[in-house]
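Good morning, colleagues. Please look at the sequence and the model on the screen, and I shall take you through a part of it.

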Amino acid sequence: MDFFFDELDEVKTAENVRSFLKHDYPKICMALGRPVSYIQSPSMSGMPKAPCVGNAAEDRLVRAADMQMAVKWAREALRMVQTYDPDSGRLIVDCLVHRCSRDALADEMGYSRTSLQRMLQKACCQYAGYLSSCSGGRLDLVAWK
């Protein structure tokens, strides 16, 4: 069956998710003036308050709208992981968003650090798949071999 389908590169996919949640996602939230744990969906008025004089204002509006969509997709993907696999959702939130100690989390959950690392890698792959699905392929962190 490997002849017809590409094989998922779990390590690279997990790296992409970790990088997104540790670096890009907090920067997007900060640029929007919202905390990382902000849960409310973005609301868009649809019309600017004043006429745009130049392209710079329009570019800022488009960039802000793009960042709002990225936050919406990231949160929706996390909700999907938490709904369908609560342990994976917890791992992503605790390890990658809140940056808790993996050793302490492994002890608390009753797993070895190696098992927890494997579970986190699987959770990251699930998150990447849901994120790609939520964004219609626009925000794709999945890596193939």
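Aspartate 94, leaving aside its neighbours within four places in sequence, is in contact with Arg99, Cys100 and Leu105; contact here means heavy atoms within 4.5 Å. This is a predicted model, in which local features need pLDDT of at least 70 and side-chain atom pairs count only at pLDDT 80 or more, whereas totals for chains, interfaces and linings use all residues. Residues are numbered from 1 along each chain as its sequence is written, and side-chain values use heavy atoms, with hydrogens and water left out.

Is aspartate 94 buried or exposed? Aspartate 94 counts as buried because its relative accessibility is 15%, where buried means under 20% relative accessible area, exposed over 50%, and partly exposed in between, with a 1.4 Å probe and protein chains only.

Aspartate 94 is found in helix α3. Helices (H or I, at least four residues) and strands (E, at least two) are DSSP runs, numbered from the N terminus. Helix α3 covers residues 86–97 and reaches 15 Å from its first C-alpha to its last. That is close to the expected 16 Å, which is 1.5 Å times one less than the number of residues.

Among the buried residues of α3 are Leu91, Ile92, Val93 and Cys95. What covers the buried residues of α3 includes α1, α2, α4 and α5. Just after α3, arginine 99 takes a positive phi of about 60°.

Finally, the whole protein chain has five helices and zero strands. Of its 145 residues, 34% count as buried.
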